[in-house]
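Look through the structure below and follow the charged side chains, then the packing of the helices.

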Amino acid sequence: MVGTLDKRETRGLVWFKDEVKRSTLSIQLEGEEGDITMTPTLGNIKFKPKIKGNQWIMNLDLAIQGDIVQNETHLNLMNEEVLEKMKGKFEKALQERVAVTVEKLQQDYKADVIGFGRRFHQKYPKQWKKLKADWDEKFPEVEVKIHVDTKIRRPGYIGPPAALPRDEVKQS
């Protein structure tokens, strides 16, 4: 064992372990009080290794669909503008969560518990064979590019707080 991950980093790790259905993701929109929380219902991550010259690159494509399960704001979640802002914010939050975890694993622990090496081996067996013995030194140098695509399903389950007078509900 080389170290431990904190709560935030562990949550980032679940995205690599195909355990996204056991997670929640909360955001706060700029200028708004209260959080909006999404629970993933479907999700996957694709690892796309690439070698360009001496640079090893891991492209991570995360696709997530989720339901809004809590709205602590005064926003109407049925509004398209609000949904677009939420989508962008959820994507940024997930990208940051995964990036923090990858950075900790690469820079602090130098431990490939997420399987980058295996994926490079599968796609580039000849290059892997030459580098395999030095993977512990190469892993921290792998450039990681993270792309996230979020789809919010069923935002109508959760509207503005029920006790909120209709005239206090923000439309955008």
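**Salt bridges and packing**

At 52% relative accessibility, Asp 108 is classed as exposed. The model discussed here is a predicted one. The side chain of Asp 108 forms a salt bridge with that of Lys 104, at 3.7 Å from N to O. Both residues belong to helix α2 and sit four residues apart, about one turn of the helix. Lys 104, however, is buried, with a relative accessible area of 19%, because the limit for buried is under 20%.

Side chains of opposite charge can pair when their charged atoms come close. The whole structure contains nine salt bridges. In one of them, Asp 61 pairs with Lys 48, with 2.8 Å between the closest N and O atoms. Asp 61 is in strand β3 and Lys 48 in strand β2, so this pair ties together parts that are 13 residues apart in sequence. Asp 61 is partly exposed at 22%, and Lys 48 is partly exposed at 42%.

Another salt bridge joins Lys 87 and Asp 149 at 3.3 Å, N to O. Here distant parts of the chain are linked, since Lys 87 is in helix α2 and Asp 149 in strand β4, 62 residues apart. These two residues also belong to a network of salt bridges with Glu 91 and Lys 151.

Helix α2 also packs against helix α1, at an angle of about 100° and with the axes 8 Å apart. The two helices are therefore roughly perpendicular. Their contact has eight nonpolar, two polar and six charged residues. Among the residues that meet there are Trp 15 and Phe 16 in α1, and Lys 104 and Leu 105 in α2.

Key
Residues are numbered from 1 along each chain as its sequence is written. This is a predicted model: local features need pLDDT of at least 70, side-chain atom pairs count only at pLDDT 80 or more; totals for chains, interfaces and linings use all residues. Side-chain values use heavy atoms; hydrogens and water are left out. Axes are lines fitted to C-alpha atoms, for helices over the stretch in contact, and angles run from 0 to 180 degrees between N-to-C directions. Angles under 35 degrees count as roughly parallel, over 145 as roughly antiparallel, 65 to 115 as roughly perpendicular and the rest as oblique. Contact means heavy atoms within 4.5 Å. Ala, Val, Leu, Ile, Met, Phe, Trp, Tyr, Cys and Pro count as nonpolar, Asp, Glu, Lys and Arg as charged, and the others, Gly among them, as polar. A salt bridge is a side-chain nitrogen of Lys or Arg within 4 Å of a carboxyl oxygen of Asp or Glu. Buried means under 20% relative accessible area, exposed over 50%, partly exposed in between (1.4 Å probe, protein chains only).
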